[in-house]
Amino acid sequence: MSDDAARPLTGIETEVPPLELVAVHAAYGGIEVLHGIDLAVASGEVVALLGANGAGKSTTVKVCAGLLRPTAGALRVAGHDVTGAPSHELARVGVCTVPEGRGVFPNLTVRENLWMATQVTGDLAALEEAAYARFPRLGERRTQLAGTMSGGEQQMLAMSRALVTDPAVLLLDELSMGLAPIIVQQLYEIVAQIAHEGISILVVEQFAQAVLGIADRAAIMVNGEITRVGTPAEMQSELSSAYLGG
Amino acid sequence: MNDRIERLKSDAAELKVGKGAGRDGLYQTLGAVAMGVGVVMAFAAYQLSLAKDDTRDIASLQILAISMLALAVVGAAVFLRYSLARFLRFWLLRQLYEGQAHIDQVVAALGDRDDNGAPSSDRSRTAPLS
């Protein structure tokens, strides 16, 4: 990929990006799945990482979150090389992940799930107030077991739990997984609001149309490589070949 | 938000990189090595003590043998502690995963019953991009 593609395009190019991947290679055992990823997410920017199943999108998120150590290349946070830092340390400094499958505790209530995050923030009342203000539905279901809520509500809870940790970078893995299109649209509207607050967001998404409406930039992954980076409008024509291999 | 970015910069600068990731494996290996060395050295010291005539030499070698036995016990404890931590971490993840899968099945079944066999709209997948 060219240097131009790796650089943010949203008018903050001189700023050190909160999250940056530089020539990252990653492997599961002997099988290399990322072959030199270059990507930067600027402050307050939404970058959509698109691609077909098995392209390496979720692996890229794992590298960003510190769950998978790159075999080569560097992960930089605010310009500092943090390659190899454990995931809990990255979360502590402000790189938070909403994993594929949401990762809420199904046998705990909404409140109890939020309480889990108080280990970081400490103030339960403020935490709940902020979460319910952003997602009023969660307030209505505060005493309900998370596992019995709808997929959309669980996703809201997962996002709330990440947001109460005051992240600087938010990694969203397959937000639309298992959700109806209208729910996905509502969730991405909230993601856009979060980005306006200045949080940098990297969204991994298989269903491109769901996220292109709110993304500042989009990158297409094919077979462990980023083949194209550009604005959502520029990406439209590239998507069919990326998904269909044409 | 500039404050948050500044905080991110300072926190990232202080991040300890690459120290914690393989620590469990390192301690596990050290424990295994201490256990092996302790057993071998204890046996060797005891065997040597049998060939000595001077009681002071015998006492010294037997003290060494007991010390090596202690090293083997400590090594075994360290090895067990880090082996169990790895295993229990994996077991906990598996329990969480299976619990989530079970609850998903129950919720899906309840949704199906409510809708008289029709799948819940909130759980249908979005259509892939054409």
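Two strands count as paired if DSSP finds at least two bridges between them, and strands themselves are DSSP runs (E, at least two residues), just as helices are (H or I, at least four), numbered from the N terminus. With that in hand, here are the close-ups. This is a predicted model, so local features need pLDDT of at least 70 and side-chain atom pairs count only at pLDDT 80 or more, while totals for chains, interfaces and linings use all residues. Residues are numbered from 1 along each chain as its sequence is written, with chains lettered from A and ligands numbered from 1 in the order in which they are written.

**View 1. Strand 3 of chain A and its two neighbours.** Leu49(A) stands opposite Val204(A) in strand 8 of chain A. That is part of a parallel pairing, with 5 bridges joining strand 3 to strand 8 (residues 200-205). Strand 9 (residues 217-222) of chain A also pairs with strand 3 in the parallel sense, again over 5 bridges, and there Ala48(A) has Ala218(A) as its bridge partner.

**View 2. The two faces of strand 3 of chain A.** In a regular strand the side chains alternate between the two faces of the sheet. Here Val46(A), Ala48(A) and Leu50(A) point one way, and Val47(A), Leu49(A) and Gly51(A) the other. Buried or exposed, these residues of strand 3? All are buried, where buried means 20 or more other C-beta atoms within 10 Å of the residue's own, exposed means 12 or fewer, and partly exposed is in between, with C-beta atoms placed from the backbone.

**View 3. The open sheet of chain A.** Its 6 strands come in the order 6-7-8-3-9-10, with mixed pairing. Strand 6 (95-98) and strand 10 (225-230) are the edges, each pairing on one side only. From one strand to the next, the twist averages 20 degrees. Touching, or contact, means C-beta atoms placed from the backbone lie within 7 Å; axes are lines fitted to C-alpha atoms, for helices over the stretch in contact, and angles run from 0 to 180 degrees between N-to-C directions.

**View 4. Helix 8 of chain A.** Helix 8 (residues 151-163) has 13 of its 13 residues buried, so it is largely enclosed by the rest of the structure. Its end C-alpha atoms are 18 Å apart, which agrees with the 18 Å that its 13 residues should span at 1.5 Å a residue; the expected span is 1.5 Å times one less than the number of residues.

**View 5. Nonpolar cores.** A nonpolar core is a set of buried Ala, Val, Leu, Ile, Met, Phe, Trp, Tyr and Cys residues joined through C-beta atoms within 7 Å. The largest has 82 residues, and Ala48(A), Cys64(A), Ile201(A), Val203(A) and Ala219(A) touch the most other members. Not counting residues up to four places away in sequence, Val203(A) touches several residues, including Val46(A), Leu172(A) and Val191(A).

**View 6. Chain B.** Chain B has 3 helices and 0 strands. Of its 130 residues, 15% count as buried.

Definitions and conventions
Two residues are in contact if their C-beta atoms, placed from the backbone, lie within 7 Å.
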